[in-house]
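Please keep the view open as you read, and take the points in order.

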Amino acid sequence: MNGAMEQTFLARAASQISTMVDRFLRLGEEDQTAEEADRIRAIRLSVLSSSTPWMMAANLCNATLTIFVFQGSPSAPAVYAICGLLLAIIFYTSLSWWRNRKRGQRERASLRGTNRTVVYAAILSALWAAIDIVAYPSANETQRMVLIALTVGMAGGGGFALATIPPASIVFCGMIAFGAAIALLRDGSIVGAYLFALYIVFAAIIIRSSLALCKSLTERVRAKLAADEQRDVIGLLLNDFEENASDWLWGVDSDLNLERASARFYDKLQIPENMVLGRPLMTIMPFSSVSLEGHDCRENFANCLMSRQSFRDQDLCVEVGGELGIWSVTAKAIYDEQERFKGYRGVGRDVTANRESRLRIEHMARHDPLTEVGNRVLLSEDFERAVSRYERFGDAFSVLLLDLDRFKQVNDNFGHTAGDELLRTVASILSQLRGENDTLARVGGDEFAILHACVDDPRSAATLASRIIERFAHPITLGCGSAQIGVSIGIACAPIDGTEPDQLMRNADLALYRAKTDGRNRYRFFDSSLDAAARRRSLLEQELALAIAEESLTVHFQPLVSAETRQVVCAEALLRWNHPKLGAISPSEFIPIAEEAGQITAIGSWVLRQACRHAATWPDNVRVAVNLSSRQFLSPGLLPLIETAITENGLRSQRLEVEVTESLLMETAIGVEQTLESISRLGVRIALDDFGTGFSSLSYLRRYHFDKLKIDQSFISDLETNPDGRAIVDAVIRLAGELRMSVAAEGVETREQLERLRQMGCGEIQGFLTGRPMPVDAFEEYLKQTNGSVQRLSA
């Protein structure tokens, strides 16, 4: 049992000794990972190897001096023997260093390298310590001074030479200190004790300095490794950039001659590298004679280069292989430490496709997608320019507002497809008739505006109007037949009729109304006596108030059917007004009047109550949809009105659907979001009407909760022929699906449109294919007769 305990004790002691030795050998490697320690150790050993010749030279000189000094000394034989061993080690070490001097530095070194260095330091220092032990007691004063100098010098020199390997430095100084201690103790004098104490202090300073030096070296090595790694990463990224990116790198010298460039640059030039390298960059770039936005690209680029300053996104119009393109160039000016210009380093990219996309987007923002003429945005911008020219140079101008006569009949007789074709044809004709500096824009369904420059002859507006009316007096050939239309034109001239765009458009609109009331197919200038439109608006406002009081307005219903089952799932309540004297008045005419007069809230309340009352008698799976105006939506009585309407009529809240437009969402009132949330909490469904027109913004879908999106009919009318419009519709349907909203498509006229929408995943269909707006009796009869089939109710 005692033997087992002894073995255990010895095993533990051996383990502890081994751990201590390992920790000693790893001095200076604290807080390092294994991989990092191996790499730093290799560098430390390499530093030590680079100082080997100087160390061996110092040992050779010291050994030679020792042999010379101790000639004839009693200890000479022993000293000679030890110096012989030192010379052998010096020779062997020098020979090994010479053979390996051309080898590259190792990337990693194991702990064995440190171990060998420690053993080597122990042997070398032991030999020097042995000289002290054997020679000091019998040495004379001169020899003792030499020994003390050698001991201190070797301890200091060796300690610092081995500083990159702290264990070796400690062993070297410690071993020499051990030899010195024995030699001085054998002497027994008080001077020897003092000398030994001084040496201990000196050795401690050497060891502490070597550790500090090692730590400093380690930090520098770590920083260098990190920089090398970062450089490698950057190099890899640059290589990947040059190989795979569409951009290219380039550089020129102080004389602006091409020094280097990515292979992609030469590919873009379609010229081999050896034909352009070293040539001036200005002669290499394939500049086009075409200017870019009125600027000379060659001159601008030359000025940028000659400025010797960094620049960004300098666009160059180039021509390569007969094709025009646009390159965007960015560069940083390079200066040396003496602030001397050394050239440029930059990057270039082909932005032709991006520029074309941007131009297309800008074109779409300013042009009508159907007719490709300008829209209100373009008209407004050119209006501002015309006003500015008038204020600066006195250039007069006029605005012609055109409205197509009998356009509605074309739509009713031939369908919206024919109506769209007619609008495109009209736009083409007007583009040919207008002046070169005139602006043509579509400002409404069948309304166009021409901003006409009449600098030389104010009567030229009348001449242009006459030519337009004469041209449209002839039939227009369409794919489905011939259309006989006309055009009514209202003209307002600046500065006679005003200089503000809104004022001129309003006056041109009043003149247009006069032209239409005078029998259509003619033009009229605005004059101050044109107040017929104002009188009509006043009359309609009075009559509308009376109609509200007498409840002579009516509500029609247009069905929405399921694209899958073809069953009616909803009906939109649409307000109609058939005046006993004025006849049927369009909602687009009297609704704005009701908005301005503050009557829309009363009308909306009445429509909501009527819709809920009628819907309560319908099948439980049929909902009713009611449009809410901005004024009604923001009124404080909306929520109580909705709650009362569904409660009094016994209508489930889920069967009521309120429709809001994007213009309503643009209101800055705080109550918009709160009102939507309150309506939703009642269980009432919320639909976003006319999605995709006006001011569509995806931020609305993120900010507000909707149950349904209604895609505007402008996207449906050319669904079969316009791939861009079809892609937008498909994207909206998929987006709504991801946001857990149902989708309804407005303006569906053909079975092909219905089938394509069904395949896209559109849930509900509304349009002439499913039924026109109809009185409640007709709609209820329609519900009974359809039995799930979708019939075309109108042409």
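Before we start, one definition: helices and strands here are DSSP runs, helices (H or I) of at least four residues and strands (E) of at least two, numbered from the N terminus. Please also bear in mind that this is a predicted model.

1. Let's begin with the whole chain. It has 29 helices and 22 strands. Of its 795 residues, 44% count as buried. The accessible surface comes to about 41,400 Å², and 54% of that belongs to carbon and sulfur atoms.

2. Five strands form an open sheet in the order β2-β1-β5-β4-β3, and the pairing is antiparallel. Which strands stand at the edges? They are β2 (258-261) and β3 (311-320); each has a single partner strand, so one side of each lacks a neighbour in the sheet. From one strand to the next, the twist averages 25°.

3. For a closer look at one pairing, go to β1 (residues 248-252), which runs antiparallel to β2 and is joined to it by three bridges. Here Gly-251 stands opposite Arg-260 of β2.

4. Which residues of α11 are buried? They are Cys-297, Phe-301, Cys-304 and Leu-305. These four lie on the same side of α11, because they cover an arc of only 95° around the axis. In general, an α-helix has 3.6 residues a turn, so residues three or four places apart point the same way. The buried residues of α11 pack against α10 (281-284) as well as β3, β4 and β5.

5. Do stop at the end of this helix, too. Just after α11, Arg-308 takes a positive phi of about 55°.

6. Last, a pair of helices. α15 (residues 416-433) and α16 (residues 460-472) pack at an angle of about 145°, with their axes 11 Å apart, and their crossing is right-handed. On the α15 side, the contact is made by Val-426, Ile-429, Leu-430 and Leu-433; α16 brings Leu-464, Arg-467, Ile-468, Arg-471 and Phe-472.

Terms used: Residues are numbered from 1 along each chain as its sequence is written. This is a predicted model: local features need pLDDT of at least 70, side-chain atom pairs count only at pLDDT 80 or more; totals for chains, interfaces and linings use all residues. Side-chain values use heavy atoms; hydrogens and water are left out. Buried means under 20% relative accessible area, exposed over 50%, partly exposed in between (1.4 Å probe, protein chains only). Accessible areas come from the Shrake-Rupley method with a 1.4 Å probe; for residues, only the protein chains shown count as cover. Two strands pair if DSSP finds at least two bridges between them. Axes are lines fitted to C-alpha atoms, for helices over the stretch in contact, and angles run from 0 to 180 degrees between N-to-C directions. The arc is that of the directions from the helix axis to the C-beta atoms. Contact means heavy atoms within 4.5 Å. A crossing is left-handed if the near helix is turned anticlockwise from the far one by less than a right angle, and right-handed if clockwise.
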